[in-house]
Amino acid sequence: MHLASLFDTQRRRLQALKQRVDGAPRSVREGKLVKVSGLLYEVEGLPMVIGARAAVNLGHSIIEAECIGFDAGVSYLMPVDPIDGVSPGAPVFPQGAPYWDVQGFKHNQTADALPMGESLLGRVVDGFGRPIDGKPVDLSQPSGQATKRLNPLTRAPIHEPLDAGIKAVNASLTVGRGQRVGIFAGSGVGKSVMLGMLARNCVADVIVIGLVGERGREVREFCEDTLGEQAMGRAVVVAAPADASPLARIRGASYATDVATYFRDQGRHVVLIIDSLTRFAMAQREIGLSLGEAPVSRGYPPSVFAKMPELVERVGNGERTDASITAFYTVLLEGDDIHDPVADTARGILDGHIFLSRNLADSGHYPAIDIEKSISRVMPRVTSRQHQDLARKMKMLYSRYMQGRELISMGAYVPGGDPELDQAVKLWPTMKSFLQQSPEERVGLEDTLAALTTLMGGKAA
């Protein structure tokens with residue numbers, strides 16, 4: 001009896017070993033690292049599909065890389081994470097293939113990503129979906145799929161406003177659910193503060209924040225101080241800071257878009273915040289130049305201007321009328337140049353732009369939104385005619401005051417000569433106070449409209 005039990009145990013072990021052997025590859029094709037140019041690795045002897053992963057054996061460690069191009073028998077790879085100690089002739093093999101080590105054969109496997117679904121809420125992940133918040137990974141959860149491309153004729157139209165919780169936006173730049181808005185500003189003008197206000201105040205089911213190419217210290221500050229525990233419960237933060245590889249920064253923006261698209265397809269109203277679109281373009285520029293693309297505009301190769309619309313067009317409304325993605329993209333103006341190539345392209349593919357003025361920020365006016373230079377292209381579709389008239393009147397008076405500001409400062413302004421300027425001067429203190437708001441304050445859409453009606457002397461709708 002004892003021998004029969006022992007025989008049965010050995011038989012099961014042999015069957016398990018046979019299954020492992022049958023499932024293993026009959027041969028593993030191996031390439032060789034022949035050249036490293038910046039972050040570009042040239043590998044011979046290992047043909048790969050663009051987007052496929054490979055592992056580079058450095059002896060002391062195994063690093064992951066992704067194929068970003070090829071030329072005849074040479075595959076061009078870029079590392080997923082920053083690395084040191086690359087040696088010439090290092091063996092390269094497909095991701096997941098077994099490799100020989102001094103201790104025997106080992107199986108290389110990438111770190112587990114969180115399943116696409118409810119388990120992402122309240123988590124902080126990198127651009128590949130791998131958690132970086134130290135919390136456990138529950139792989140038992142089902143993983144969903146994000147829609148990669150939509151037929152434009154199946155998109156639901158934008159038909160209702162989004163309450164942004166910011167007076168200046170709700171009053172004169174009303175955003176619709178499903179709209180894509182750019183926040184244009186130079187460095188140090190208050191983009192991050194405004195993004196925090198949007199993340200806390202927007203009326204949405206899910207907030208997805210992509211911190212792409214920005215300062216690493218801002219990740220924890222944004223999660224703990226800006227969002228807070230309550231807002232973090234409905235948020236997903238995708239962090240690909242400035243020290244991440246260009247590939248990780250590109251994937252950060254793409255993965256944040258995937259997450260937002262998934263929740264939209266599940267019937268949620270989603271707000272997607274990408275900080276920043278400019279850093280995404282810079283990461284694509286690094287990859288494009290490494291592959292030998294010719295720079296066509298201030299150092300940016302053509303692939304940058306192809307990838308930006310590809311990223312932005314995935315968001316917005318889908319086929320469902322009860323779900324949406326409202327996206328806010330920050331655009332960094334280098335030297336406050338509004339004609340920067342990235343800014344020009346972004347203005348053309350987005351549904352509106354909010355311009356933050358350095359002059360307003362320097363004078364202590366926050367949020368430093370210049371309503372004269374900002375526009376929401378869908379505002380006429382989601383607001384009443386009376387709201388539009390009041391917003392247009394405030395914008396006209398704001399512009400008229402800005403034009404006559406020099407006359408006033410020089411003492412050359414004489415009341416009675418220009419009725420519009422007279423009214424603008426009279427209302428300016430109240431109008432300036434109306435457009436300002438502290439970061440902790442939230443003003444809803446209805447309260448904003450009531451205050452705007454009082455300010456402009458109109459009748460409530």
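Start at helix 7 and helix 8. Phe305, Met308, Pro309 and Val312 of helix 7 touch Pro341, Val342, Thr345, Ala346 and Ile349 of helix 8. Contact here means heavy atoms within 4.5 Å. The helices are DSSP runs of H or I with at least four residues, strands are runs of E with at least two, and both are numbered from the N terminus. By class, that contact holds 8 nonpolar residues, 1 polar and no charged. For the classes, Ala, Val, Leu, Ile, Met, Phe, Trp, Tyr, Cys and Pro are nonpolar, Asp, Glu, Lys and Arg are charged, and the others, Gly among them, are polar.

A word on the source. This is a predicted model, where local features need pLDDT of at least 70, side-chain atom pairs count only at pLDDT 80 or more, and totals for chains, interfaces and linings use all residues. Residues are numbered from 1 along each chain as its sequence is written, and side-chain values use heavy atoms, with hydrogens and water left out.

Now the geometry. Two packed helices are described by the angle between their axes and the distance between the axes. The axes are lines fitted to C-alpha atoms, over the stretch in contact for helices, and angles run from 0 to 180 degrees between N-to-C directions. Helix 7 and helix 8 (residues 341-349) pack at about 35°, with axes 10 Å apart. The crossing is right-handed. Handedness works like this: left-handed if the near helix is turned anticlockwise from the far one by less than a right angle, right-handed if clockwise.

Stay with helix 7, but turn to helix 6. What angle do helix 6 and helix 7 pack at? About 135°, with their axes 9 Å apart. That makes helix 6 oblique to helix 7. On this scale, under 35 degrees is roughly parallel, over 145 roughly antiparallel, 65 to 115 roughly perpendicular, and the rest oblique. Helix 6 passes helix 7 in a right-handed crossing. On the helix 6 side, the contact uses Leu277, Phe280, Ala281, Gln284, Arg285 and Gly288. Helix 7 answers with Ser303, Val304, Lys307, Met308 and Leu311. The classes there are 6 nonpolar, 3 polar and 2 charged.

The crossing of helix 11 past helix 13 is left-handed. Helix 11 brings His387, Leu390, Ala391, Lys393, Met394 and Leu397, which meet Leu449, Leu452, Thr453, Leu455 and Met456 of helix 13. This contact has 8 nonpolar, 2 polar and 1 charged residues.

Next, empty space. Rolling a probe the size of a water molecule over the atoms shows where empty space is left. On a 1 Å grid over the protein atoms alone, a cavity is a set of points where a 1.4 Å probe fits but cannot get out; a pocket is an open set with protein on both sides within 12 Å along at least five of seven lines; lining residues have an atom within 4 Å of a point. Grid points join across faces, edges and corners, and a volume is the space filled by probe spheres set on the points.

The largest pocket holds about 740 Å³. Its lining has 31 residues, with Ile250, Arg251, Ser254, Lys307 and Glu310 nearest the centre. Strand 4 (62-71), helix 5 (246-265), helix 6 (277-290) and helix 7 (302-312) each give two or more residues to that lining. Helix 5 gives the most, 6 residues. The lining splits into 15 nonpolar, 8 polar and 8 charged.

The second largest pocket has about 450 Å³. Of its 21 lining residues, Lys191, Ser192, Val193, Arg215 and Glu218 are closest to the centre. Helix 4 supplies the largest share, 6 residues. Here the count is 5 nonpolar, 6 polar and 10 charged.

How many cavities of 30 Å³ or more does the search find? It finds 1. About 50 Å³ of space lies in the largest cavity. Its lining includes His159, Glu160, Arg177 and His269.

Last, the backbone. Most residues other than glycine have a negative phi, and most peptide bonds are trans. Aspartate 275 and serine 276 are joined by a cis peptide bond, omega about 10°. Serine 276 sits in the loop between strand 15 (269-275) and helix 6. Tyrosine 366 to proline 367 is also cis, with omega near -10°. Alanine 72 has a positive phi, near 55°.
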